[in-house]
Every structure is written in C-alpha cells, then in structure tokens.
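Subject: Structure handover and notes

Hello,

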Amino acid sequence: MAILNPKSHHSMFREIQTLLLSHKHIHLRWLKAHVVYLGNECADQLAKEAISKGDPFLLPKPLSYLKSEIKSAALSIWQDNWDNGKTGRSAHDIVLSVSNKPVG
C-alpha cells in the first residue's frame with residue numbers, strides 16, 4: 001500500500017514508484033494471504049533465499065511469524081519424541097501424529 005501511495009516519503013518506496021512509472025508493463029496487485037498462487041509462491045521462495053544469503057535489505061519478521069516458527073519447531077520436537085519414545089507404543093499405533101488440537 002505504501003508503494004501505491006503517492007505521498008510516501010520513504011526513499012525506498014519513492015525509488016520503486018519511479019521504477020514502476022518507467023516500466024509500464026509491470027502491475028502491482030493485492031493477493032489474499034495463505035492462498036496458493038504460483039507466481040506469489042515463487043516470489044516468496046526467492047525472497048527467502050535472498051534473506052538467507054545475507055542481503056542487506058532485511059526486514060524484521062512479525063511476531064505472528066515468530067510464533068508460527070516456534071510452534072512448528074515445538075511440534076516437530078514433540079513428534080520426534082512421540083515416534084522414538086519407549087512408552088505409549090500402543091497409543092502410538094492409534095494416534096500416529098501429535099497435534100495441539102484435542103482429539104475425540
């Protein structure tokens with residue numbers, strides 16, 4: 001939204017606006033989050049690769065992302081403990097994967 005705002009004062013947004021004006025074939029469009037759009041998925045992957053290579057343009061991650069990463073890591077550790085544990089094997093045969101959601 002900041003890029004599309006003609007009153008944006010941040011130099012990065014102004015530079016992007018200038019580039020968009022000089023490249024009329026490029027169009028920006030809003031996409032709903034968490035819906036698989038091939039081009040958007042590719043762009044996300046390229047952005048992640050750029051960040052992992054230590055690009056100087058690093059944006060801080062939102063708290064929701066960090067919470068999601070911690071939850072994912074905790075579930076992964078829990079699953080590993082569940083799969084490789086010594087107790088609860090008969091329950092493991094019924095409930096194969098761990099979840100933070102209650103089961104009936």
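Helices and strands here are DSSP runs, numbered from the N terminus: a helix is H or I over at least four residues, and a strand is E over at least two. This is a predicted model, in which local features need pLDDT of at least 70, side-chain atom pairs count only at pLDDT 80 or more, and totals for chains, interfaces and linings use all residues. Residues are numbered from 1 along each chain as its sequence is written, and side-chain values use heavy atoms, with hydrogens and water left out.

The chain as a whole

The chain has four helices and zero strands, in the order α-α-α-α from the N terminus. Its C-alpha trace spans about 65 × 25 × 20 Å along the principal axes. The radius of gyration is 22 Å, whereas a compact globule of 104 residues would have one near 13 Å. That radius is taken over C-alpha atoms, and the globule rule is 2.2 Å times the number of residues to the power 0.38.

Of the 104 residues, 5% count as buried. Buried means under 20% relative accessible area, exposed means over 50%, and partly exposed lies in between (1.4 Å probe, protein chains only). The accessible surface of the chain is about 9500 Å², and carbon and sulfur atoms account for 64% of that. Such areas come from the Shrake-Rupley method with a 1.4 Å probe; for residues, only the protein chains shown count as cover.

A contact means heavy atoms within 4.5 Å. Among the contacts with a separation of 6 or more, 14% are between residues 24 or more positions apart.

Is Ser8 buried or exposed? Ser8 is buried, because its relative accessible area is 9%. Ser8 sits in the segment before helix H1, which covers 11-22. A polar atom of its side chain lies 2.4 Å from the backbone oxygen of Ala2, and the Ser8 side chain also reaches the backbone oxygen of Asn5 at 3.1 Å. Both are polar contacts (pairs of N or O atoms within 3.5 Å; within protein, one must be able to donate a hydrogen and the other to accept it, and residues adjacent in sequence count only if both atoms are side-chain atoms). Leaving out residues up to four places away in sequence, Ser8 touches Ala2, Phe13, Arg14 and Gln17.

Met1 is also in the segment before H1, but Met1 counts as exposed because its relative accessibility is 80%. Met1 and Ser99 are 98 residues apart along the chain, and their C-alpha atoms are separated by 37 Å.

Leu28 is in the loop between H1 and H2 and counts as partly exposed, at 46% relative accessibility. Leu28 and Leu4 are 24 residues apart in sequence, with 8.5 Å from C-alpha to C-alpha. Leu28 touches Ile3, Leu4 and Leu20, again not counting residues up to four places away.

Ile51 belongs to helix H2, residues 38-52. Ile51 is partly exposed too, at 36% relative accessibility. Its C-alpha atom is 17 Å from that of Met12, 39 residues away along the chain.

Helix H4

Which residues does His92 contact, leaving aside its neighbours within four places in sequence? They are Trp82 and Asp83. His92 is in helix H4, residues 89-94, and counts as buried because its relative accessible area is 14%.

Regards
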